[in-house]
Amino acid sequence: MKSTRKNTIKIGTFSADKKGIMHGKIFGLGLGVTPVMFEPQTSQGGKSYFRLIADPAKEAYEIGAAFPRDKDGLAYHSVSIESPMLPAPISAALFPDKENNTFNLVWNRQDEAKDLKAEATVNVNVQPQNQMQTPTRRPNGQQPML
């Protein structure tokens, strides 16, 4: 999918502490402003990633994960955010800010035309409710009354 700058939305800002934990807030998802921390983890295979913990000072519940990626020499984290309040998981990216010692969480809105095409494809075989079915013959050979 080719993304354009106009569809990229900044939904969070984070800064790292001395332990490597990133603290910040996610906003702009229609859920208010949510404090979130990116907690460093290591998989059983020895690979590093982050667990996303929402509301860490109060209830502390997991809302996703972030995995390191590299594209054309640019290091970033691929982020997946899940919530019962969202219609589907959100895929975002966490990039280091070049101007200061922070990180920006950005999300790309999906192409609406692509979404509409996918929805239309799903409904291709649905018959309109107004359409009458062709009458079938009864076992005794009589035509049904219409």
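How exposed is F67, in terms of relative accessible area? F67 is partly exposed in this predicted model, and its relative accessible area is 37%.

**View 1. The aromatic pair Y49 and F67.** This is a stacked pair, because the ring planes meet at 25 degrees with the ring centres 5.5 Å apart. Y49 belongs to strand β4 (residues 48-54) and F67 to strand β5 (residues 61-71), so the contact ties together parts that lie 18 residues apart in sequence. Y49 is partly exposed, at a relative accessible area of 22%.

**View 2. The aromatic cluster of F14, F38 and F50.** These three residues are linked into a cluster by ring pairs. Across the whole structure, a search finds 4 aromatic pairs.

**View 3. K19 in the loop between β1 and β2.** The loop that holds K19 runs between β1 (8-16) and β2 (22-26). K19 counts as exposed, with a relative accessibility of 71%. A distance of 9.5 Å separates the C-alpha atom of K19 from that of E39, a residue 20 positions away along the chain.

**View 4. The second largest pocket.** The space in this pocket amounts to about 230 Å³. Its lining consists of 16 residues, and those nearest the centre of the pocket are L31, T34, Y61, I63 and S83. β3 (34-42) and β5 each supply at least two lining residues. The largest share, 3 residues, comes from β5. By residue class, the lining divides into 11 nonpolar, 3 polar and 2 charged residues.

Conventions: Residues are numbered from 1 along each chain as its sequence is written. This is a predicted model: local features need pLDDT of at least 70, side-chain atom pairs count only at pLDDT 80 or more; totals for chains, interfaces and linings use all residues. Side-chain values use heavy atoms; hydrogens and water are left out. Rings of Phe, Tyr and Trp (its six-membered ring) pair if their centres lie within 6.5 Å; planes under 30 degrees apart count as stacked, over 60 as edge-to-face and the rest as tilted. Helices (H or I, at least four residues) and strands (E, at least two) are DSSP runs, numbered from the N terminus. Buried means under 20% relative accessible area, exposed over 50%, partly exposed in between (1.4 Å probe, protein chains only). On a 1 Å grid over the protein atoms alone, a cavity is a set of points where a 1.4 Å probe fits but cannot get out, and a pocket is an open set with protein on both sides within 12 Å along at least five of seven lines; lining residues have an atom within 4 Å of a point. Grid points are joined across faces, edges and corners, and a volume is the space filled by probe spheres set on the points. Ala, Val, Leu, Ile, Met, Phe, Trp, Tyr, Cys and Pro count as nonpolar, Asp, Glu, Lys and Arg as charged, and the others, Gly among them, as polar.
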